[in-house]
Amino acid sequence: MLNKIFNSDNPFWQSMNTVFDLFVVNTLWLICCIPIVTIGPATVALFYALILRAQGLDGYISRDFFRSLKQNLKQGIILGLIVTLTGAFLAFDMYLCYKSGRGIFTFFLFFFGVLFVFWAFTSLYAFPILARFERKTSEILVWAFTLSIKNLPMTVMMLFVTIAGLWLCHILPALIFIIFALIVQFCAPVMASIFKPFIPVEEDEFDQYDEPKHTETKDYMDYDNIQDLF
């Protein structure tokens with residue numbers, strides 16, 4: 001009886017191990033976000049570690065996190081700044097239109113609101129794409145927008161979960177130490193399934209203790225042929 005209770009294969013202990021891993025990687029993400037400009041690469045690393053976990057390719061979650069952080073530091077900072085500044089610009093324009101009253105400002109409020117939704121869709125995919133593929137920043141943003149529209153039901157579902165998680169964090173601030181990892185943990189299997197057609201079969205044999213690999217997309221993902229996604 002005691003052997004069953006304390007067996008590491010016991011579902012309870014497996015669940016506790018998962019919770020502990022999420023707490024660890026969430027804490028690492030929070031620490032790495034402190035310089036502000038590193039929010040981008042830290043978010044990429046968070047997705048990298050948890051997408052590998054969803055694919056069954058994970059090793060030590062902290063090691064996976066720091067591997068990706070180191071590998072994507074420069075491009076992650078650039079991507080993070082682009083996404084953050086664009087979102088701030090759109091939110092500020094919406095605020096100004098809201099405060100300015102009716103008439104033409106109502107139209108612009110709606111216009112910037114639609115752009116903000118598209119920004120949210122693109123942001124949702126941009127960081128996990130950088131986590132799993134080698135692409136130029138401009139290509140990542142185009143691909144992120146394209147995949148978000150192509151997989152619209154999944155995109156809306158993930159966006160809803162993200163908003164709900166942030167709302168819960170606002171209600172219970174202590175959740176800050178795990179909520180972001182929980183959100184990514186939910187999105188990771190969805191992202192993995194969306195990315196699967198673009199990952200070569202040989203990566204399934206990837207040794208989780210080898211150096212991490214970024215995956216080149218298939219030839220038809222070249223942006224001269226982006227319409228092939230639809």
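Me: In what order do the elements of the protein chain run from the N terminus on?

Reply: From the N terminus on, the protein chain runs α-α-α-α-α-α-α-α-α. That makes nine helices and zero strands. Keep in mind that this is a predicted model.

Me: How do I read contacts along the chain? What share of those between residues at least 6 apart joins residues at least 24 apart?

Reply: Ask how far apart in sequence the partners sit. In the protein chain, 71% of the contacts between residues at least 6 apart join residues at least 24 apart.

Me: How much of the protein chain is buried?

Reply: Burial is judged by relative accessible area, and under 20% counts as buried. Of the 230 residues here, 42% are buried. The accessible surface of the protein chain is about 13,100 Å². Carbon and sulfur atoms hold 70% of that surface.

Me: Now the core. Which residues touch the most other members of the largest nonpolar core?

Reply: A nonpolar core is a set of buried residues joined through side-chain atoms. The largest one here has 54 residues. F65, Y125, I129, L147 and F195 touch the most other members. Two or more residues come from each of α2 (11-32), α3, α4 (61-71), α5, α6, α7 (137-150), α8 and α9. The most come from α9, which gives 12 residues.

Me: Take F195 from that list. Which residues does F195 touch, not counting those up to four places away in sequence?

Reply: Skipping close sequence neighbours leaves the contacts made by folding back. For F195 they are I51, P128, I129, R132, F133 and L147.

Me: P128 is in that set. Where is P128 found?

Reply: P128 is in helix α6.

Me: Why is P128 called buried?

Reply: Compare its value with the cut-off. P128 has a relative accessible area of 0%, so it is buried. Its contacts beyond four places in sequence are F47, I51, M191 and F195. Also look at A192, which is 64 residues from P128 along the chain. The C-alpha atoms of P128 and A192 are 9.2 Å apart.

Me: What about a loop residue? Is N151 buried or exposed?

Reply: N151 is in the loop between α7 and α8. Its relative accessible area is 17%, so N151 counts as buried. Leaving aside neighbours within four places in sequence, N151 contacts Y125 and I194.

Me: And another loop residue, I36. Is I36 buried or exposed?

Reply: I36 is in the loop between α2 and α3. At 58% relative accessibility, over the 50% cut-off, I36 is therefore exposed. G80 is 44 residues from I36 in sequence, and their C-alpha atoms are 9.6 Å apart.

Me: What lies between buried and exposed? How does A91 count?

Reply: There is a middle class, partly exposed. A91 has a relative accessible area of 34%, so it is partly exposed. A91 is in helix α5. L115 is 24 residues away along the chain, and the C-alpha atoms of A91 and L115 are separated by 9.8 Å.

Me: How does the lining of the largest pocket divide by class?

Reply: Sort the residues into nonpolar, polar and charged. The lining has 22 nonpolar residues, six polar ones and no charged ones.

Key: Residues are numbered from 1 along each chain as its sequence is written. This is a predicted model: local features need pLDDT of at least 70, side-chain atom pairs count only at pLDDT 80 or more; totals for chains, interfaces and linings use all residues. Side-chain values use heavy atoms; hydrogens and water are left out. Ala, Val, Leu, Ile, Met, Phe, Trp, Tyr, Cys and Pro count as nonpolar, Asp, Glu, Lys and Arg as charged, and the others, Gly among them, as polar. A nonpolar core is a set of buried Ala, Val, Leu, Ile, Met, Phe, Trp, Tyr and Cys residues joined through side-chain atoms within 4.5 Å. Buried means under 20% relative accessible area, exposed over 50%, partly exposed in between (1.4 Å probe, protein chains only). Helices (H or I, at least four residues) and strands (E, at least two) are DSSP runs, numbered from the N terminus. Contact means heavy atoms within 4.5 Å. Accessible areas come from the Shrake-Rupley method with a 1.4 Å probe; for residues, only the protein chains shown count as cover.
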